[in-house]
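Hi there,

Here is the structure I promised to pass on to you. Have a look at it first, and then read my notes below.

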Amino acid sequence: MRSDALPFHHPAAFWLGCILMSGGVFAHVPMFAMGAQTHYHLAGMPMDATMLLGMALIPIGLALSAYGLMPRLDRLRRAATGAHSPEFHIADRVPLGREHWTLVLAMAVALAVDVMKPATLGFVMPGMVSEYGISRQTGALLALVALTGTTIGSVVWGRMADLIGRRAAILLSALMFIGTSICGAMPTFEWNLAMCFLMGTSAGGLLPIVFTLMAETIPAAHRGWLLVALGGVGTSAGYLLAAGAATLLEPVFSWRSLWLMGLPTGALIIALNRWIPESPRFLASVGLGDAARAVLLRFAGNQPSAITVGAPTGCNDPLSTEPRDAAGLRALLRGRHAPITLGLFVCGVAWGLANFGFLLWLPMTLAHLGVGAASANALLAQSAMLALPGIGVVIWLYQRWSSLKSLLLFIGLTAAALLVFGAMGAMQVQSPIAAMAATVALLVSISGVISMLIPYAAEIYPVRLRGTGSGIIAASSKLGGIIGAGLGVIGFFEHFALSAVTIAVPMIVAALLLLQSGIETRGRRLEEIEKEFGEPGPN
């Protein structure tokens, strides 16, 4: 472990916990191997003593590792020199170096692994439904439980990152990936539901923390485009990993092998911990100026002249006066944070309704609009391909034009595409050309919205609330998915005109809220943004 990383409370406890958790997972391998002759059909098999022992080792190992992860903040504060905080405006002027790109690569891997978890659901569902002999409606509970887990995890992990640090929260997610990989050896559907919920909490929690750490470490001039690019590349890589694993492993080792991938992928993130520093801004905010300075020096290419120390100008020293006890969910609903939080939250819910609701029913909607089944499938595939280069346009606009205006533009395009669907349904217009144009516009715009939503949230909140705020906004998109799943069950999306207009309305409301209260972040230091909200921050 690097000397400039925030020390674990007890490194021995952390690594012992990792060993116990890995041993607990390997204890399930004999039962999995026993099913080789039946293509790993384990439904109804009794749990043996080795498997039960493994299930006991996992929570014990998790508790030990979590204890080891807790930083010794009080002890480190007492040992601090009392110097003023590093001048982050100098750190924001350094060019991108090897350490920056190493962090970007490590976070891209972590994000790809994170996206891979929920993306795997679609590949395991057919085999799981067949093996357990359950209906598709019952099998759909797995997706609902996982989505609920990601919603809760985004909030819990976001708050945790503001209390114990970004790095510790990321590693805790990786530990959960390892522990929940035993889902691949569970003999009952109910056990799969429980493990999938826990996996969902860790997957939902990792996503906003990755963007939080990146936002607080990358220089201001490159922060915007790298955050958006990371989201696009990480998401695409995650889906490719899920599809590739399903193609290579499922025909040989059944759907269960896809869940067991949690062990090596979680271990991969743990192995990358050497290149995952603690956020220097978090360190400064909890009174660890020397540790923050060490991280900044590392990212400045070990040039002492690049990181200077001086008394903050025009504000109090955040190392001693920042009201961290006031940080929390309620703080996001006070003052200038309230309307922008509400706007982003409404946008996230509307995006979840569109992505997990309207888009799932889009093939049937296209049939109503005169597009044949084969043409609809081809259209959706082509639109998805167009969304990939569309991310390049989003990156360019976010970096070169305006972060706020770019987000508003794609929110507006999404609402407009939904209103076109609503108008075509209300007027009973059957035009394949218009339907295709609206579909392409919807898929491209909705991809742009989610590519910018969480990166923007990671930029606008102060250090003491950044993890919590990013987590809440990330949770809003999952909450929209949960609502969308429920509305799909009662047949709401069969009325595609009504559903399209209903989703467009909160999109428009979100755009109006952000138009009124949103702030520009392009090329600006995080401390400048904090001051605009009236927050104290490091010089």
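**What I found**

Let's start with Leu512, which lies in helix α23. Please keep in mind that this is a predicted model. Is Leu512 buried or exposed? Its relative accessibility is 54%, so Leu512 counts as exposed, the cut-off for that being over 50%. Leu512 also belongs to a nonpolar patch on the surface, together with Leu419, Val501, Val505, Ile508, Val509 and Leu515. Together these residues have about 570 Å² of accessible area. Helix α23 (residues 496-517) gives the largest share of the patch, six residues.

Next, the charged pairs. Side chains of opposite charge can pair when their charged atoms come close. Across the whole structure, a search finds 13 salt bridges. One of them joins Glu99 and Arg298, with the closest N and O atoms 3.1 Å apart. Glu99 sits in helix α6 and Arg298 in helix α15, so this pair ties together parts that are 199 residues apart in sequence. Both of these residues are buried.

Two further salt bridges are Arg524 with Glu532 (2.8 Å, N to O) and Arg525 with Glu528 (3.6 Å, N to O). They are part of one network, in which shared partners link Arg281, Arg524, Arg525, Glu527, Glu528 and Glu532. Within it, Arg525 is buried at 16% relative accessibility, whereas Glu528 is partly exposed at 33%.

Finally, a backbone detail. Most residues other than glycine have a negative phi. Ser254 is not a glycine, yet its phi is positive, about 70°. You will find Ser254 in the loop between α11 and α12, and it is buried, with a relative accessible area of 4%.

Enjoy exploring!

How values were computed
Residues numbered from 1 in each chain as written. Predicted model: local features only at pLDDT ≥ 70, side-chain atom pairs only at ≥ 80, totals over all residues. Heavy atoms only, no water. Patch = residues over 30% accessible without salt bridge, like charges linked within 9 Å, V, L, I, M, F, W, Y side chains within 5 Å. Areas by Shrake-Rupley, 256 points an atom, 1.4 Å probe, with all protein chains shown as cover. Salt bridge = Lys/Arg side-chain N within 4 Å of Asp/Glu carboxyl O. Helix = DSSP H or I, 4+ residues; strand = E, 2+ residues; numbered from the N terminus. Buried < 20%, exposed > 50% of the residue type's maximum accessible area, 1.4 Å probe, protein only.
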